[in-house]
Amino acid sequence: MEIFQEVINSLAQPVTLLYMILGVAAGMIVGALPGLTATMAIAVMLPFTFSMAADTALITLGGIYIGAIFGGCIAAILINTPGTPSSIATTFDGYPLTQQGKPDQALITAAVSSGIGGVIGGIALLFLTPLLAALALQFGPPEFFWIAFLGLTMVATLSAGSLLKGLLGGTVGLLLSVVGIAPIGGSSRFTFGYSPLQAGFELIVMLIAFFCIPQVIKMIKNQSDSTEQVQSFQSQKGVKSYVFKQVITRPFLILRSAVIGIIVGIIPGAGGNVASLLSYDATYRLSKDQSKFGKGDIRGVSASETANNAEVGGSLVPLLALGIPGAPPAAVLIGALLMQGIQPGPDLFASDARLIYTFIAAFIIANVVMLVLAIFGSKYIGQVINIPMYYLAPAIVFLTIIGSYAIRNNFVDVVTLIIFGLIGYIMLERGFKPAPIVLGLILGPIAEEGLSQSLLMSEGFFSLLGLFLTRPITILLMIFCLLSLLSPFAGKLLKKTQS
C-alpha cells in the first residue's frame with residue numbers, strides 16, 4: 001500500500017507528466033521519419049536525461065519508445081515507407097487505403113489498435129515481470145552465465161539473418177566489453193598503456209556510435225531528390241466512430257495480436273517487425289474473407305499495429321526481470337538504468353520497487369497519451385516527412401556529439417563516437433547488425449562475472465562441470481541455448497521440405 005501511494009505521488013508530479021507527453025510526442029515525430037528508428041531516438045536523447053531524476057528519465061525514454069513505434073506507421077501509411085522496421089506489415093493494407101483516399105481511416109485504425117495493444121502489453125509487463133524476477137532470484141553465478149549466453153545466442157540468431165554474422169557481431173561486442181579493469185582480480189586489459197581506457201568504453205557512447213552514426217551516414221548516402229511528399233488532407237466525418245466500431249467488434253483479433261506481440265517481445269532479439277509480420281499472417285490465415293487483404297483492409301492494419309505496440313511491453317519483461325533486453329530499444333534503456341546507478345535484474349524489485357512500479361504505471365498511461373495524440377495529431381505529424389535531409393542529418397549529428405561529450409565532459413568519448421560510428425557503418429554495409437554488438441557489450445560483463453564466480457565456487461574442472469550439470473535451471477538454460485543455435489538450421493530444413 002505504501003508503494004502504491006509513492007507511485008501515485010510520483011506520477012502526480014506536473015514535471016513527470018510533462019516529460020511523458022513530450023517524450024511520446026517526440027517519439028512519434030522521430031518514428032514518422034523514415035530511417036530514424038526508435039532505438040536511434042532513445043540513444044540520441046539518453047545523455048540528456050542524465051540530470052533528471054531516475055523515474056523521470058525512464059518515463060521520458062519509455063514515452064519516446066512508445067511514440068516512435070507508433071510513429072513508424074505514419075510514414076508506412078502515407079508514403080508506403082515504414083518509419084521503423086516494426087511497421088513493415090502496416091504498409092500491406094495501410095498504403096492501399098491512402099491510395100483509395102482514406103488515409104485518415106488507416107491512421108485512426110493504427111492509433112486505436114496501437115493504444116489498445118500498448119495498454120495490454122503494459123498490463124503483461126505489470127504481472128509477468130515480478131513472476132519472472134521471483135524465479136530469477138533462485139539464480140546463482142552459473143545461471144547468470146547461461147542466461148547471458150542465451151541472450152547472445154538468440155540475438156545472434158534472430159537479428160542479423162545470418163547465424164555466422166550474428167555470432168561474429170556478438171563476439172566483437174564481447175571483445176569490446178573486456179577492455180579496462182577486470183571485475184575480478186583488478187588487472188588492466190587491452191588498454192595498451194592508455195590510461196583513459198582503464199575505465200573501459202562508455203556504454204552510452206557505444207550505443208550512440210553503433211545505432212545512430214551508421215544510420216545517419218546511410219540516410220545521407222541513400223537520399224534522393226525524388227522522395228515522395230506527404231500531402232495535407234481533411235479528415236472525413238464519422239471516421240473515428242466507424243473505426244472504433246470496427247476495432248472494438250473484433251476483440252479476438254486484438255487479443256490474439258497482442259498476445260503474439262507480447263510473446264515475441266519476451267524473446268530476446270525478435271523485435272516488433274517479427275511481431276507485426278506474425279500477427280498479420282495469423283490474421284490473414286484465420287480470416288474467412290481473405291480477398292481484401294493487401295488491398296486496404298483495416299484488419300491488416302489493426303493486426304500489425306496491435307502486435308508491434310504490445311511487443312514494446314513484452315520486450316521490457318526480460319529487461320527488468322533478468323537484465324536482458326528483448327529488443328534493441330530495450331538494450332538502450334539498460335544504458336539509462338545503468339547511468340542512474342540501477343542494475344537491472346531480479347534484485348531490482350527488492351532494491352527499487354517504487355521506481356519500477358512507477359515506470360510500469362507510467363508506461364500504461366503513456367500508451368493512453370499516445371492514443372489521444374495519435375488520433376488528433378497523426379495527419380500533422382505526417383508533415384515532418386517533408387523535412388529535407390540536409391537539415392535533418394546535421395541536427396542529429398550535432399545532438400549525438402553534444403550528448404556524448406556531456407556524459408563525462410571528456411573529448412575522448414567524442415573521438416570514440418566517431419571511430420566506432422565509422423566502424424559500425426562499415427560493418428552495417430557488410431551485413432553486420434548493431435544489435436548483437438551492443439548486446440555483447442551489455443551481456444559480456446554479466447557472462448564474465450558469472451563464469452568467474454562459478455570458477456571460484458568450484459574446486460576444479462569436474463566440480464565446475466557439476467555446477468553446470470546438476471542444477472535444473474542451468475540444464476534448462478543450456479537446452480534453450482542449444483535450441484536457439486539450431487533454430488536457423490531447422491528453419492532452413494523446414495523450408496526445403498515444404499518446397
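The dialogue below works through the core, a surface patch and the salt bridges of a predicted model.

Trainee: What should I keep in mind about the model before reading any feature?

Mentor: This is a predicted model, in which local features need pLDDT of at least 70 and side-chain atom pairs count only at pLDDT 80 or more, while totals for chains, interfaces and linings use all residues. Residues are numbered from 1 along each chain as its sequence is written, and side-chain values use heavy atoms, with hydrogens and water left out.

Trainee: Which residues touch the most other members of the largest nonpolar core?

Mentor: A nonpolar core is a set of buried Ala, Val, Leu, Ile, Met, Phe, Trp, Tyr and Cys residues joined through side-chain atoms within 4.5 Å, where buried means under 20% relative accessible area, exposed over 50%, and partly exposed in between (1.4 Å probe, protein chains only). Here the largest core has 124 residues, and those touching the most other members are Leu46, Tyr65, Phe70, Ile74, Leu207, Leu316 and Leu320. Helix α4 (residues 54–79) gives the largest share of this core, 16 residues; helices (H or I, at least four residues) and strands (E, at least two) are DSSP runs, numbered from the N terminus.

Trainee: With which residues is Val112 in contact, leaving aside its neighbours within four places in sequence?

Mentor: Contact means heavy atoms within 4.5 Å, and on that basis Val112 is in contact with Val243, Phe244, Val247, Leu371 and Ile375. Val112 belongs to helix α6 (residues 103–136) and is buried, with a relative accessible area of 1%.

Trainee: Which residues make the nonpolar surface patch?

Mentor: Patches are made of residues with over 30% relative accessible area and no salt bridge, like charges being joined within 9 Å and nonpolar side chains (Val, Leu, Ile, Met, Phe, Trp, Tyr) within 5 Å; accessible areas come from the Shrake-Rupley method with a 1.4 Å probe, and for residues only the protein chains shown count as cover. Tyr405, Phe411, Val415, Ile419 and Ile423 make a patch of about 450 Å².

Trainee: How many salt bridges does a search of the whole structure find?

Mentor: Side chains of opposite charge can pair when their charged atoms come close. A salt bridge is a side-chain nitrogen of Lys or Arg within 4 Å of a carboxyl oxygen of Asp or Glu, and the search finds four. In one of them, Asp55 meets Arg354 (3.7 Å, N to O); because Asp55 lies in helix α4 and Arg354 in helix α17 (residues 353–381), the pair ties together parts that are 299 residues apart in sequence.
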